[in-house]
Amino acid sequence: MNLRSTLAAFTLPMLACTLAHAETPTEKDARMQWFNEARFGMFIHWGVYSEAAGNFKGKPVPGAGEWLQSGGKIPAAEYREELLPKFNPVKYDPEAWVIAAKNAGMKYIVITSKHHDGFCLWDSKLTDWDVGSSPYKKDLLKPLADACAKHGIKFCLYHSIMDWSHPDWGTKMPWRGSAANPNPDMDRFTTYLKGQLEEIVTTYHPGILWFDGEWEAAWTHERGVDLYDYLRKLDPALIINNRVDKGRKGMEGHTTDAKFKGDYGTPEQQIPATGFGEGVSWESCMTMNGTWGFKTNDTKWKSTEVLVRNLIDIASKGGNYLLNVGPTGEGEIPAASLERLAAMGEWMKVNGESIHGTTASLFPKVSWDGRSTTRKLPDGNTRVYLHVFKRPEGGKLTVNGLVNRPVSASILGKGAPLEVSGKEGDWSVQLPEAPLDPIATVVTLSFKDKPTIKP
Ligand code: GLC
């Protein structure tokens with residue numbers, strides 16, 4: 001054997017072994033752990049469309065704020081010419097954003113590094129269609145990533161695959177003007193996409209890459225698989241949503257066929273009727289008002305009650321809630337969003353224990369107006385949280401289906417023990433007269449080991 005074949009004999013099998021090593025379920029659980037415990041995150045849609053706020057050259061444009069270019073059928077050059085000189089977010093205070101998220105009980109932030117219009121919030125080496133060419137000039141991602149690190153929030157990035165600004169994006173859309181190349185080259189586009197992703201992965205080390213815009217025919221399953229593998233090699237700890245590939249079932253967002261890549265499901269603007277079973281991660285992304293990107297006339301704000309109950313509903317089904325804010329072109333999160341975040345934070349301060357790090361409800365259906373989550377304690381015992389939306393008649397909360405008698409019961413944030421009566425499969429907890437939380441009062445039941453549920 002000469003040196004060359006000796007080397008080949010040793011290194012080739014080693015290489016094959018590293019490449020072929022499929023992640024074990026335990027390894028995947030470890031990689032997904034922070035995500036599965038987080039339960040609540042902030043989505044941020046921000047770009048030059050935020051400055052336009054739903055209008056172009058003085059005319060309102062129908063549709064979502066961040067879809068402005070498509071809604072107004074605006075050629076890429078005109079879109080750039082009109083909006084780039086105006087994008088100057090001088091009021092941007094990334095630390096204030098992170099603190100608002102943290103105080104609301106959020107554990108991660110996902111911001112749009114690039115949305116469908118292709119505009120980049122960092123100064124990319126591969127394009128000048130970015131913040132570096134705007135009057136603001138400075139990188140918008142780095143200070144947010146730094147503030148996240150400072151406050152213990154995971155920094156994550158949304159990155160659109162579809163790109164209306166790129167001549168090689170393989171869908172024509174004639175309104176794109178000169179950006180709609182008659183012969184788009186998707187290989188060249190993918191090289192651009194990967195190059196940009198390498199920039200942001202190695203510079204900002206995002207916890208998640210949140211893809212989108214994968215539904216167009218130009219993006220194929222093969223490209224999805226290749227991109228997923230490429231990124232996991234760049235950063236093995238990275239979490240990648242299922243929109244990297246073609247397996248998502250529309251807005252339900254769930255992937256069932258294992259051949260498709262993606263670490264978690266992405267229901268959009270909806271909460272699934274039930275979860276997807278143990279070991280399946282998912283996240284419902286939802287707006288606080290009507291659209292994702294800032295729009296002056298979008299005042300369809302959800303109430304704090306709806307937002308908190310959405311969070312509870314999602315947690316009770318074993319998912320995460322990714323709640324959107326759309327900052328203005330100047331760089332401010334709208335006051336209506338901040339108020340709601342602060343109010344959610346008030347509830348979370350007392351009741352966050354029933355959300356963070358919990359798993360789905362043990363009950364197939366609860367016997368009260370509300371929801372439930374579960375926590376396995378390190379000593380093997382279990383805590384069951386009952387979210388009560390409405391005080392039951394006489395304050396008597398009936399808990400059907402639980403075989404074991406709870407060792408104790410109390411309300412989160414109030415120490416006093418509650419009286420439990422009844423029998424196996426039919427317990428009642430007596431709630432106090434004192435005013436309950438109008439959004440949701442959380443009753444904690446403690447169990448030795450794991451309680452059994454009768455169907
Ligand atoms: C979409 C939209 C979009 C938004 C997103 C959030 O599919 O195209 O504008 O960014 O979903 O989930």
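Modeller: Here, and keep in mind that this is a predicted model. Start at the ligand: a polar side-chain atom of H115 lies 2.8 Å from one of the ligand's oxygen atoms.

Biologist: How much of the ligand does the protein bury?

Modeller: The protein buries 94% of the 300 Å² that the ligand exposes when taken alone.

Biologist: What does Y158 do there, and what about D212?

Modeller: Y158 has a polar side-chain atom 3.4 Å from an oxygen atom of the ligand. For D212, an N or O atom of the side chain is 3.3 Å from a ligand oxygen.

Biologist: Which residues come nearest to the ligand?

Modeller: H45, E66, W67, H115 and H116, out of 14 residues around the ligand.

Biologist: New topic. What is the strand order in the sheet?

Modeller: The order is β7-β6-β5-β4-β1-β9-β8. That is an open sheet of seven strands, with parallel pairing.

Biologist: Which strands stand at the edges?

Modeller: β7 (239-240) and β8 (283-286). Each has a single partner strand, so one side of each is left without a neighbour in the sheet.

Biologist: And how many bridges join β1 to β4?

Modeller: Four. β1 covers residues 40-44, β4 covers residues 108-114, and the two run parallel. I44 has I111 as its bridge partner in β4.

Biologist: OK, aromatics. How many pairs?

Modeller: The count is 24 aromatic pairs. Take F40 and Y321: their ring centres are 5.9 Å apart and their planes are at 10 degrees, under the 30 degree cut-off, so the pair is stacked.

Biologist: Where do F40 and Y321 lie?

Modeller: F40 is in strand β1 and Y321 is in strand β9 (residues 320-325), so the pair ties together parts 281 residues apart in sequence.

Biologist: Are F40 and Y321 buried or exposed?

Modeller: Both are buried. Now compare W46 and Y92: the centres are 4.8 Å apart and the planes are at 50 degrees, so that pair is tilted.

Biologist: Which parts of the chain does that pair link?

Modeller: W46 is in the loop between β1 and α3 (48-52), and Y92 is in the loop between α5 (76-83) and α6 (94-104). They are 46 residues apart. W46 and Y92 are both buried.

Biologist: Which residues are in the cluster with W46?

Modeller: Ring pairs link W46 with Y79, F87, Y92, W97, F119 and W129.

Biologist: Last one. Where does the charged end of K138 sit?

Modeller: Over the ring of Y136, 4.6 Å from its centre. The charged end of K194 sits over the ring of Y230, 4.9 Å from the centre.

Note on methods:
Residues numbered from 1 in each chain as written. Predicted model: local features only at pLDDT ≥ 70, side-chain atom pairs only at ≥ 80, totals over all residues. Heavy atoms only, no water. Pairing = 2+ DSSP bridges. Phe/Tyr/Trp six-rings, centres within 6.5 Å; stacked < 30°, edge-to-face > 60°. Buried < 20%, exposed > 50% of the residue type's maximum accessible area, 1.4 Å probe, protein only. Lys NZ or Arg CZ within 6 Å of the ring centre and 35° of its normal. Near = heavy atom within 4 Å. Polar contact = N/O pair within 3.5 Å; in protein donor to acceptor, adjacent residues only side chain to side chain. Areas by Shrake-Rupley, 256 points an atom, 1.4 Å probe, with all protein chains shown as cover.
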